[in-house]
Amino acid sequence: MSSSDSHQTWGGRFSEGPDARVAAFTESVSFDARLAAHDIRGSIAHARMLSAVGVLTPDEFGQIEAGLAAIGERIAGGDFAWDPALEDVHMNIESRLTDDIGALGKKLHTARSRNDQVATDIRLWLRDAIDALLGEVRRLRGALIDVAEREADTIMPGFTHMQVAQPVTFGHHMLAWQAMLARDSERLGELRARVNRLPLGAAALAGTTFPIDREMVARELGFDSVIDNSLDAVSDRDFAIEFVSAASLIMTHLSRYSEELVLWMSPAFGFVDLPDRYCTGSSIMPQKKNPDVAEIVRGKTARVNGHLVALLTLMKGQPLAYNRDNQEDKEPIFDTVDTLLNCVALYADMMPHVTVHADACRDAARKGFSTATDLADYLVRKGVAFRDAHEIVGKSVQHAIAAGCDLADLDLATLKGFSTVIEDDVYDVLTLEGSVAARNHIGGTAPDQVRAAVARSRARLAD
Ligand code: ARG
C-alpha cells in the first residue's frame, strides 16, 4: 500500500499509511485467514446479540447476517481475494461486508474489539480442532486394541535397559501404548472445557459501555461459560499452551512407539514388518526398506515441542492486557494441529497392517534368560529366601552363558547342582508360556488378562 493512504479501518488519527515493510511485517491474514469461518460465526452471534439488546435493529441484523453468510460462502468456495493491506482476517471480512451491504457494515464492530474477537475465534477454531483430534486418537486406540486382541498369545521379550527382562505378550505391549493414548484423550477432554469459554464482550480490555448480553452469545456459540475478567479474557493464551502441551505429550507417545517400531523392524530384531506402502527405499542401497513414517513422526515431535516452548516464551513477558505479540500464537497452534492430525491419522491407518513375526519375537525372548525371575520365584515357593534364590539363579545363568545355552536347556542334574530343591516341575516355569500365563492378575501380561483388558479398553472407548 502506498504510504500516503491512511489505513482504511484505523487510519483516522494517522497522517500516512504504514511503510511497505511494516505492512508486510504486521499483517497476519496470510495465516489467520484459516479462522474465517469461525470469525463469521462469532460476528453473526455478536450482531444477533446487538439486535436483541437494541443496539442494532432486527432489520440491520438481518442484512449483516445475510452479508456475512454470503462472504462465508465465497471464502469456502475459494472465491475471496484476501488483501494483506487490511492486515488480518477480521478486517478483511469487515471491510468486504461494508463493500457489500454499505455503511451498515461499519456498525458490526460496535461493542467489540479485535482483541476479544481474535481470542474468540481461536477458541472456536481450537475447539473444533480438538474434536477432530479426539476422533483420530480414538481411531488409533481402536486399532491398537484390535492388534492387542489378535496378538494376545504372542510372546515377545519385555525389556528394561533395552536388555531382555521377562517375557510379555505382544498384546500386552500394544495395550500399554493404548493406555498412554487413553490418558491423552482424557487430557484433551479436560482442557477442552477450559478452551470452551467466551472472551467476547471483553472488548479491547475493559469491557464495553453497551448493554451486551454475553450469556446469549456464549449460548449461540456453544461455549460453556463466559470468561469473568475482561483483562484476562483478551490477554491470556494459557488454553493454547495447555493444548500444545497435551499435543506434545501425544507426540512424545507416538515418538516412543516410533522408536520401538524402528527397532523392531530392523533385521537385527525382525519382530515386525510393515507393508511396502508405508515404507520408503534408499537411493543407493537397493536392499533397503526403511520405516520412514515412524522416523518422521519421531522427528515431528521436535517441532511440536518447539511450538510449546514458543507459546510459553510468547506469554512470559507480557504485561496485561492484549499485546500484539499474541498474533504470534497462531502459527504454532495451527502447525501443532496439522502435525498431530497427520501423525495420528497415519498411525491409525498403519497399525492394522503391522505384521508381527511371532517366531522372531519368541526366539528373542528365549535367548535372553527371560524366565530367570520365574526360576527365582519357583525356588521361593520351595522355601528358599528370595535373596538366596536370586543368587542361585544368577549362578545358573552364569553357567548357561558359559555353556552357550538357555536355562531351560540345562538338565535336571545340572540345575540340582545349584539347588537341591529343584525338581522336574521346574521346566514348567522355565517355559515362556508358563511364565506369561503365571502373571495372571489385573494389569499382568497373561493372555487371559490381555483379553480381559481388551474388553475393558473397548468399553471405555465406546463411552
Ligand atoms: N491479528 C491480531 C492478532 O492476531 C488481531 C488483533 C489485533 N488487535 C489490535 N489491537 N491490533 O492478535
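**Helix 3 and helix 6**

I began with the handedness: helix 3 passes helix 6 in a right-handed crossing. A crossing is left-handed if the near helix is turned anticlockwise from the far one by less than a right angle, and right-handed if clockwise. Helices (H or I, at least four residues) and strands (E, at least two) are DSSP runs, numbered from the N terminus.

I noted that this is a predicted model, in which local features need pLDDT of at least 70, side-chain atom pairs count only at pLDDT 80 or more, and totals for chains, interfaces and linings use all residues. Residues are numbered from 1 along each chain as its sequence is written, and side-chain values use heavy atoms, with hydrogens and water left out.

Next I looked up the angle. The axes of helix 3 (residues 36-52) and helix 6 (residues 114-150) cross at roughly 120° and come within 9 Å. Helix 3 is therefore oblique to helix 6. Angles under 35 degrees count as roughly parallel, over 145 as roughly antiparallel, 65 to 115 as roughly perpendicular and the rest as oblique. Axes are lines fitted to C-alpha atoms, for helices over the stretch in contact, and angles run from 0 to 180 degrees between N-to-C directions.

I then listed the contacts (heavy atoms within 4.5 Å). From helix 3, His38, Asp39, Arg41, Gly42 and Ser43 meet Gln117, Asp121, Leu124, Trp125, Arg127 and Asp128 of helix 6. The residues of this contact divide into 2 nonpolar, 4 polar and 5 charged. Ala, Val, Leu, Ile, Met, Phe, Trp, Tyr, Cys and Pro count as nonpolar, Asp, Glu, Lys and Arg as charged, and the others, Gly among them, as polar.

**Helix 14 and helix 15**

I looked up a second pair. Helix 14 (residues 372-381) and helix 15 (residues 386-403) have axes 9 Å apart and pack at an angle of about 135°. They are therefore oblique to each other. Helix 14 passes helix 15 in a right-handed crossing. Among the residues of helix 14 in this contact are Leu375, Leu379 and Val380, and among those of helix 15 are Phe386, Ile392 and Val397. The contact divides into 10 nonpolar, 1 polar and 1 charged.

**Domains**

I found the protein divided into domain 1 (3-110), domain 2 (115-361) and domain 3 (364-462), with bounds from an automatic or database domain assignment. The centres of domain 1 and domain 3, taken over C-alpha atoms, are separated by 70 Å.
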